[in-house]
Amino acid sequence: MKRNHDNAGTSNDSATNSSEATNNPLLPYISEFDEVQKKLLSLDEECANEQMNLQRKFDKKKQPFFDKRQEIIDKIPGFWCKALTHHPALSYLTSADLPVLEHLKSIQLFDNLDNNGSYKLTLNFTDKAKEYMSPLSLTKHVVFDLNKESVKECTKITWKPGKSPVEEALKARKNDKCIDWSLFEWFTEDEWLNRPDVGEIIRREIWHAPLAYYMDTVSIDYFDDEYDMIDDEDDM
């Protein structure tokens, strides 16, 4: 009698599946396990959205105090310049930034604009900055979607002849040993790579404790890898 190869194959497959089930006790429950995991992920997403809604609620409550804080800062010349440049991740800013940053009057942060944590940051300069650039308000709107970052809006800076710190930084970097960069390079729609993320540094750190950065009292035992810095202990 001719052997039925189809039946033989089915028999072998059944034997294989039976063997796999024996070797992997989880196999019969994978489908059920996946369903439970989907429920957990759904709750995690719901929780994240609720947390973001709560964050926005309190961001709104904080705004009058941010406004009051800025009224005090208005009385302190060069406050934001010092607060920014005292952050260790911004320690390699080109010296050409300083004369411009001295005229930085205020910073506006519009945070958590959606459930993905998108934000808009605006730097406002005094009229004295007209000597260097226009316009006097620089805005960058960063959008997060599916863990991808894109720029929805970014002010284009027009520099007065011979006054651009960006050009100075680019010239300096022609020397391979120089790593100077300009904060104003961050105002671009291009992908921002191999430099500290100015927006994240301001919104997550400086914005919440500007006085500590101004007074240079933030205790930092080592430089974070996120900012491409080196732990002092590695050199010991």
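Two strands count as paired if DSSP finds at least two bridges between them. I applied this criterion to a predicted model.

**Sheet.** I looked up the strand order and found an open sheet of four strands, β1-β2-β4-β5, with antiparallel pairing. At its edges I noted β1 and β5, each of which pairs on one side only. I then examined β2 and β4, which pair in the antiparallel sense over six bridges. For L121, I recorded K140 in β4 as the bridge partner.

**Chain.** I listed seven helices and six strands in the protein chain. Along the sequence, I read the pattern α-α-α-α-β-β-β-β-β-β-α-α-α. Of the 236 residues, I found 34% buried. For the accessible surface I noted about 16,100 Å², with 51% belonging to carbon and sulfur atoms. Among contacts with a separation of 6 or more, I found that 54% join residues 24 or more positions apart.

**Core.** I turned to the largest nonpolar core, which has 43 residues; W80, F125, M133 and F184 touch the most other members. I checked which elements supply at least two residues each, and these include α2 (30–73), β1 (104–110), β2 (119–125), β4 (137–145) and α6 (198–204). The largest share, five residues, I traced to α3.

**F184.** Which residues is F184 in contact with, leaving aside its neighbours within four places in sequence? I recorded D97, V100, L101, F125, L138, I157, W159, P165 and V166.

Technical notes. Residues numbered from 1 in each chain as written. Predicted model: local features only at pLDDT ≥ 70, side-chain atom pairs only at ≥ 80, totals over all residues. Heavy atoms only, no water. Core = buried A, V, L, I, M, F, W, Y, C linked by side-chain atoms within 4.5 Å. Buried < 20%, exposed > 50% of the residue type's maximum accessible area, 1.4 Å probe, protein only. Contact = heavy atoms within 4.5 Å. Areas by Shrake-Rupley, 256 points an atom, 1.4 Å probe, with all protein chains shown as cover.
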